[in-house]
Amino acid sequence: MKQFEDIKKQMPYAESEDYLEKLIASSTENAIARAKQPKAKVVSMRVIASIAASIAFLVTVGLLYMKVPERQIALVQQTEEQLIAADNGPIDDFLNTLSDDEAQLLAYYDIDEIPEY
Amino acid sequence: MQRDTENQKTGKGELLSQKQLLGMLSDPAQREKGFRLLTKQYGSTLYWHIRRIVVGHDDAEDALQETFVKIYTSIDSYKGTGQLTSWMYRIATNEALSILRRQTHFFQSIDSLGETLTNKLESETALDGEAAEVLFQKALLTLPTQQRIAFNMRYYDDMSYEEIANVTGKSVGTLKANYHYAVEKVKNYIKTYSK
């Protein structure tokens with residue numbers, strides 16, 4: 001078996017000079033022909049990435065915008081619940097002692113309906 | 001570079017200087033002729049540089065084709081600083097690396113293609129490859145890709161560290177250290193696996 005120094009610069013595979021000349025000649029002519037062709041509109045990866053990023057941004061902004069009314073409704077509901085929970089003053093205590101009919105009378109109170117004594 | 005010397009030795013056509021070639025390439029009337037002379041002069045060197053990276057013959061053909069297209073279409077962007085050959089080597093290296101990248105899966109590094117490339121090497125050398133040379137190539141395929149490329153340029157193409165630095169963008173010191181590390185690794189591999 002050869003050692004490192006004995007192997008020199010030989011490759012285990014070879015291509016004939018004739019073959020390489022033909023390959024180089026054909027690749028050269030192809031390159032010239034391709035360069036002459038009108039450039040097709042190739043969408044580069046950079047453009048695709050930019051478009052994808054823009055779409056992602058718009059979708060994110062859209063979703064956030066859609067969520068704002070939901071948040072507002074939730075906030076109002078929360079505030080109402082807090083107000084109800086906080087309603088425990090003397091007026092509320094008085095109202096709680098009234099029956100439904102008395103509460104209804106009080107609600108539809110009209111100055112003209114005050115009975116004369 | 002080595003290939004230039006070979007051409008001169010064999011008398012395979014008259015070599016033009018880089019200045020002459022660039023002069024022709026920058027003249028629209030002589031551009032095609034200049035390009036044909038350029039590829040005739042450096043095509044073989046570029047082919048073997050690519051082939052050593054991608055190993056497979058078909059891949060080397062594809063990468064060479066793309067390299068020629070890039071050279072021809074972007075010769076105007078060559079600023080004239082540094083060697084023309086270094087610039088062409090850089091294009092060829094990048095094309096070879098993109099061929100390797102196409103063989104990887106998502107998030108897989110090209111350094112993990114060692115086994116794939118070894119299989120290619122075995123299929124390419126099944127008939128006429130000498131065992132020691134195949135073993136040497138297998139040892140090279142155990143190196144990280146960038147290190148292997150730098151090793152190839154130094155070992156096969158006799159490029160100076162400065163020239164390799166121009167191609168790879170790495171510092172001369174790093175390249176020297178990597179080269180010696182690669183030599184040791186290859187020697188050890190051969191010692192271990194040679195019968």
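Visitor: In what kind of crossing does α3(B) pass α5(B), left-handed or right-handed?

Guide: A crossing is left-handed if the near helix is turned anticlockwise from the far one by less than a right angle, and right-handed if clockwise. Here α3(B) crosses α5(B) in the right-handed sense. Keep in mind that this is a predicted model, in which local features need pLDDT of at least 70, side-chain atom pairs count only at pLDDT 80 or more, and totals for chains, interfaces and linings use all residues. Residues are numbered from 1 along each chain as its sequence is written, while chains are lettered from A and ligands numbered from 1 in the order in which they are written.

Visitor: At what angle do α3(B) and α5(B) pack, and how far apart are their axes?

Guide: Two packed helices are described by the angle between their axes and the distance between the axes. The axes are lines fitted to C-alpha atoms, for helices over the stretch in contact, with angles from 0 to 180 degrees between N-to-C directions. For α3(B) and α5(B), the angle is about 35 degrees and the axes are 9 Å apart.

Visitor: Which residues of α3(B) meet α5(B)?

Guide: A contact means that the C-beta atoms of two residues, placed from the backbone, lie within 7 Å. On the α3(B) side they are Y42(B), L46(B), H49(B), I50(B), I53(B) and V54(B). Their partners in α5(B) include M88(B), A92(B), A96(B) and I99(B). The residues of this contact divide into 11 nonpolar, three polar and one charged (nonpolar: Ala, Val, Leu, Ile, Met, Phe, Trp, Tyr, Cys and Pro; charged: Asp, Glu, Lys and Arg; polar: the others, Gly among them).

Visitor: At what angle do the axes of α4(B) and α5(B) cross?

Guide: Helix α4 (residues 57–74) of chain B and helix α5 (residues 84–102) of chain B have axes that cross at roughly 135 degrees and come within 9 Å. That makes α4(B) oblique to α5(B), since angles under 35 degrees count as roughly parallel, over 145 as roughly antiparallel, 65 to 115 as roughly perpendicular and the rest as oblique. α4(B) passes α5(B) in a right-handed crossing. From α4(B), the contact includes A63(B), E66(B) and I71(B), and from α5(B) it includes M88(B), I91(B) and A96(B). By class, this contact of α4(B) with α5(B) has seven nonpolar, one polar and five charged residues.

Visitor: How many residues of α8(B) are buried?

Guide: Buried means that 20 or more other C-beta atoms lie within 10 Å of the residue's own (12 or fewer is exposed, in between is partly exposed; C-beta atoms are placed from the backbone). Helix α8 (residues 145–155) of chain B has eight of its 11 residues buried, so the helix is mostly covered. Among them are R148(B), I149(B), F151(B) and N152(B). The cover includes α3, α5, α7, α9 and α10 of chain B.

Visitor: How far apart are the axes of α8(B) and α9(B)?

Guide: They are 10 Å apart, and the two helices pack at an angle of about 140 degrees. α8(B) and α9(B) are therefore oblique to each other, and their crossing is right-handed. Q146(B), I149(B), A150(B), M153(B) and R154(B) of α8(B) meet I164(B), V167(B) and T168(B) of α9(B).

Visitor: Which residues touch the most other members of the largest nonpolar core?

Guide: A nonpolar core is a set of buried Ala, Val, Leu, Ile, Met, Phe, Trp, Tyr and Cys residues joined through C-beta atoms within 7 Å. The largest one has 47 residues, and I50(B), V54(B), M88(B) and A96(B) touch the most other members. α3(B) gives the most to this core, with 10 residues. Beyond its neighbours within four places in sequence, I50(B) is in contact with residues including A60(B), L64(B), A92(B) and A96(B).

Visitor: How many helices does the secondary structure of chain B come to?

Guide: Helices (H or I, at least four residues) and strands (E, at least two) are DSSP runs, numbered from the N terminus. Chain B has 10 helices and zero strands, and chain A has five helices and zero strands. Of the 195 residues of chain B, 37% count as buried; for the 117 residues of chain A, the figure is 4%.

Visitor: How many residues does the contact take from chain A and from chain B?

Guide: Chain A supplies 21 residues and chain B supplies 31 residues. On the chain A side, α2(A) gives the most, with 10 residues. That side of chain A has 13 nonpolar, five polar and three charged residues.
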